[in-house]
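Please read them with the structure open beside you.

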Amino acid sequence: MSQTTNTILMIRPVNFRMNEETAVNNYFQEDLNLKKAEINAKAQEEFDAFVEKLRAFGVNVIVENDDISLDTPDSIFPNNWVSFHRNGNVVLYPMFAENRRRERREAILIRLEEEGFKIENIIDYTSAEEEGLYLEGTGSLLLDRINSKVYCALSARADEDLVIEFCEDFECTPVIFTANQSVEGKRLPIYHTNVMMCLAEQFAVICLDTIDDKKERKNVIKHLKEDGKEIIDISESQMHKFAGNMLQVQNDDGQRYLVMSKAAHESLTPKQVANIEKFCPIISSSLETIETCGGGSARCMMAEVFLPKS
C-alpha cells in the first residue's frame, strides 16, 4: 500500500477562465482584466510547462484535451469529479457548479483503459446533485490511503452525510472538521480541504489556524500524530498563496517529490522548506494565471491514477 502514485491524469484547458458559477464560494478566485482567449492561452502555457517539468522528473503524466464544445472553464481541475483506486474502482462525485458537471466524460475513462489501466467498477455518487448535496472528490476528501482515514473540511461542496457514506463504502475513518478563512472581516468556510491541507506519506502540511474550533483542531492533530506524521504548519497568508495545495507524487524509480506552485514554494520559510526536503525534494512551477482565475493550484490539477494495470 502506498500513499503516492507515479501516474497523474491532467486535462489541458481549451476554455479556461474565471468560472462565474464557482466564484460564489471560492474566495481564492479573482478576475484578471484580460480577454478570455488571452487568459486561456496563458493557462495553456502554464499547464504545458508544468507537465513538462513533472515528466522531466520521471512522473508519468497522461494529458487529455478538454472538449471545447462543453464550455467547461474548470476542466483543468479533474481531481474534483473523479478518483481512481487501487482495486480498480473509479469514483464519480457530485459537483456544486452545474457547468462543472459536464467535465465528467466517459472518454477520459476510455483513455485510461487505452493506456493499459483496468477499471473494475464505477461508484457513482452524482445523484446527490438532485438533492443539492455535493462532495468534490479529492478536493474535499484528503485520503490517507495507508491508515484508511479521510480528512474533510465541511463546506457547501462537502456534505457531511456524503463524507460518511464514502467512508462506509471505502471502510475509512472520517476525520471531519470545519476550516474557515477571513473574507471581508467574516470567517467563512474554505471551499476545499486540499487548499488548507496536504497529506504526504510521512508528513502533513496544514494551516491549523483555519480550524477555529479548538476541539476539532486537537482531533486533527491527534490523528496525524498517531499515524506518525510530522506536522508542518502554515499561516493563512501562506495558504492564500496555495501553500496547502500540494501533492506528493513519485517517479518510476520510487523517488518521492512534493509538487506545488512557484507562488506556494516562494511563500514558504527556509525552515518549512528544510522540513519538507528532509522527506523529499520539491517540484514547483509557475501557475499564476490558473491560480488567480481558477482559484486552485498544483494539487487541483492532478488526478492521481492508482488503478491496476490490465
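1. Over the ring of which residue does the charged end of Lys309 sit? The ring is that of Phe117, and the charged end of Lys309 lies 4.3 Å from its centre; a charge sits over a ring here if NZ of Lys or CZ of Arg is within 6 Å of the ring centre and within 35 degrees of the ring normal.

2. A word on the basis of these points. This is a predicted model, in which local features need pLDDT of at least 70 and side-chain atom pairs count only at pLDDT 80 or more, whereas totals for chains, interfaces and linings use all residues. Residues are numbered from 1 along each chain as its sequence is written, and side-chain values use heavy atoms, with hydrogens and water left out.

3. Searching the whole structure gives seven aromatic pairs (rings of Phe, Tyr and Trp, the last by its six-membered ring, with centres within 6.5 Å; planes under 30 degrees apart are stacked, over 60 edge-to-face and the rest tilted). One of them joins Tyr125 and Phe166 in a tilted arrangement, at 6.3 Å centre to centre and with 50° between the planes. Tyr125 belongs to the loop between strand 5 (121–124) and helix 4 (137–140) while Phe166 belongs to helix 5 (residues 160–169), so this pair ties together parts that are 41 residues apart in sequence (helices, H or I of at least four residues, and strands, E of at least two, are DSSP runs numbered from the N terminus).

4. Tyr125 is buried, at 6% relative accessible area, and Phe166 is buried at 1% (buried means under 20%, exposed over 50% and partly exposed in between, with a 1.4 Å probe and protein chains only). Ring pairs also link Tyr125 and Phe166 with Tyr93 and Phe170 into a cluster.

5. The salt bridges number 19, each being a side-chain nitrogen of Lys or Arg within 4 Å of a carboxyl oxygen of Asp or Glu. Arg111 meets Glu64 in one of them, at 2.9 Å from N to O; because Arg111 lies in helix 3 (residues 106–114) and Glu64 in strand 2 (residues 60–65), the pair ties together parts that are 47 residues apart in sequence. Both Arg111 and Glu64 are buried.

6. Arg111 also forms a salt bridge with Glu115, with 2.9 Å between the closest N and O atoms, and Glu115 is partly exposed at 33% relative accessible area. Elsewhere, a network of salt bridges links Lys149, Lys222, Glu226 and Asp227.
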